[in-house]
Each structure stands twice: as C-alpha cells, then as structure tokens.
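Hi everyone, thanks for coming.

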Amino acid sequence: MINFFRKIRKQLADDNKPLKYMRYAIGEILLVVIGILIALSINNWNYKRLERKEEIEILNSVKNDIENTIAEFDHLNQIREKMLSSTKSIFKLTNSMDFKNKELDSLIGVTFYRPTFNNILGTIDQLFSSGKISLIQNDSIRNFLISWPGSINDMIEEETYAMTLFQNNYYPVVAKYILIQDVIDQNFSTSFFGTGIREEEYSDIPLKSDREGLLKDREFLNHLRMRASHLQITNTETKELTLHARKLIGMIDNEIKL
C-alpha cells in the first residue's frame, strides 16, 4: 500500500520540477508517518484481541470456581440441616425421656459433624497475586471479585468460632456422660456422606453411658442450643453468598456473549 502512495506522490512531484525535491521529501515523511500509524494500529488491535481472549478464559475459570463453591455450600448446608434436625430431636427427648440408646447415640453423633468450607478459590487468588484482575473490563464483575474473599472470610470466621465452641465446650460436656465409642459404633455403621466407613475394633470399655444424666445437664443443653444458633447463622450466610454467586455467574455469561 505504501508503494502505491509513493507512486502517486512521485507523479505529483514530477509535475512541478522546482518543487520536486521538497515534495518528494515531504511525501516521504508522510508515508513513513502513515506506515508507523498503520503498524501501531494493527499492533494495538492485536494486543486488545489477545487481552480479550485471555479475559474470556479467566472469566470461564472464575465461573467454574464459583460453581464449585456453590456446590460445596449446598453440600455443607445439607449437613447443617441434618445437624439442626438432630438437635431438635434431642430437645424433644429431654421432655419425654423416652428414647432408645442407639437412637440417642446416633443423634449425638450427628451433632459431632464439623462442616467447614475448604476455601479453595484458585482462579480468584491467582488474579490478585498476578495482578491480572485489571484484565477484567466489566466494573461490576471486577468489584465483585475484589469483595468476594472478604465475604467468604466473614463466613469462615463464624465457622471457626463454632468449631472452637465445639472443641472447648460442647464435646467435653458430652464426654462426661457418654462413651464416645457408643457414638462411633452407631454413626460409623452408616455414613451421611454416602458410604459407610469401616472403623477399627477396640476392646469394650468397662463403663456405661449416662444418657439420662446428659439430657438433664443444663450445660449440655446450653451448648447444644448455642451450637444450633451458629449453624443457623452459617447457613444463612452461605445462602446469601450463593445468591450473590449466582448473580456473578449471570454477569459473566452476559459478558462472554459480548
């Protein structure tokens, strides 16, 4: 294309011999400038094309991570719902004191579950560590990703606090009355998580569980009730996070279609 313009410029310059060299020089400069501008334009277009391609790849990876997070939230909430159901059943037994040993052992075993979020956010973590968060052109998506780790951390703080209460308060008071072996025998026979777990056999302990004493213990009932409150709080937080996560997936889908 530059050769084409050069021929035209030369013909025009030849028509006026006194100005030949001046026109030739000016024309040559203009052609160089035009060539540089065209080259820069092509390079810029190609650079933006590659950036857009990488952005779409990142968005798809983020979407995949968020979908996995939603699935984990749903699974953990199912566990918490089962724990809450068992808690309500235990409180009913405190009023009637009409229970079978295996029934109570099974209910207590469910309250021993410790559902916690894995907090694996591979793509999002990489975006911040690599600085590639700037590749996300959509302000709403970028701002969401910036705030997402903080929202997750709030929920994890609640889980951590609930775990501390379980280890320091709830479990010790249960262990004063119940042989943990009885709980393990009952709960390892069938697993809420899908498959039974084979537990090693141990010699019988020459002690018996005091189930009635447990159900009459004020400290046990208070810790059980507090544990239920934390489960409900975490359930609510994860449900809200799930709603926000689904909105993010919708924004990503719309952005990819552009």
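**Helix packing, cores and a few residues**

Let's start with a pair: helix α4, residues 122–130, packs against helix α5, residues 139–177, at an angle of about 110°, and their axes are 11 Å apart. For those who like the conventions, axes are lines fitted to C-alpha atoms, for helices over the stretch in contact, and angles run from 0 to 180 degrees between N-to-C directions. Helices themselves are DSSP runs of H or I with at least four residues, strands are runs of E with at least two, and both are numbered from the N terminus. α4 and α5 are therefore roughly perpendicular to each other; angles of 65 to 115 degrees get that label, under 35 is roughly parallel, over 145 roughly antiparallel, and the rest oblique. The crossing of α4 past α5 is left-handed, a term used if the near helix is turned anticlockwise from the far one by less than a right angle, with clockwise being right-handed.

Who makes that contact? On the α4 side we have Ile124, Leu127 and Phe128, and on the α5 side Leu145, Ile146, Trp148 and Pro149. Contact here means heavy atoms within 4.5 Å. By class, the residues of this contact are seven nonpolar, no polar and no charged. Ala, Val, Leu, Ile, Met, Phe, Trp, Tyr, Cys and Pro count as nonpolar, Asp, Glu, Lys and Arg as charged, and the others, Gly among them, as polar.

A word on where this comes from: the model is predicted, so local features need pLDDT of at least 70 and side-chain atom pairs count only at pLDDT 80 or more, while totals for chains, interfaces and linings use all residues. Residues are numbered from 1 along each chain as its sequence is written, and side-chain values use heavy atoms, with hydrogens and water left out.

Stepping back, the protein has eight helices and zero strands. Of its 258 residues, 34% are buried, meaning under 20% relative accessible area, with exposed being over 50% and partly exposed in between, for a 1.4 Å probe and protein chains only. Take the contacts between residues at least 6 apart in sequence: 84% of them join residues at least 24 apart.

Now a second pair. α5 and α8 pack at an angle of about 160°, with 10 Å between their axes. That makes α5 roughly antiparallel to α8. The contact of α5 with α8 has 22 nonpolar, eight polar and eight charged residues. Here too the crossing, of α5 past α8, is left-handed.

From α3 the contact takes Lys102, Asp105, Ser106, Ile108, Gly109 and Val110, and from α6 it takes Asp182, Val183, Gln186 and Asn187. That contact of α3 with α6 divides into three nonpolar, four polar and three charged residues.

On to the cores. A nonpolar core is a set of buried Ala, Val, Leu, Ile, Met, Phe, Trp, Tyr and Cys residues joined through side-chain atoms within 4.5 Å. The largest has 26 residues, and those with the most contacts inside it are Val62, Ile66, Leu145, Trp148, Ile152 and Leu248. At least two residues of this core come from each of α2 (20–96), α4, α5 and α8 (218–257). Another core lies apart from it, with 18 residues, among them Phe99, Ile108, Phe166 and Ile180.

Let me zoom in on Ile66, which sits in helix α2. Ile66 is buried, at a relative accessible area of 0%. Not counting residues up to four places away in sequence, Ile66 touches Ile124, Trp148, Ala245, Leu248 and Ile249. Ile66 and Ile124 are 58 residues apart along the chain, and their C-alpha atoms are separated by 9.4 Å.

Leaving aside neighbours within four places in sequence, Glu255 is in contact with Arg52, Glu55, Leu59, Asn138 and Ile141.

One last stop, at Met97, in the loop between α2 and α3. Its phi is near 55°, a positive value in a residue other than glycine. Thanks, and over to you!
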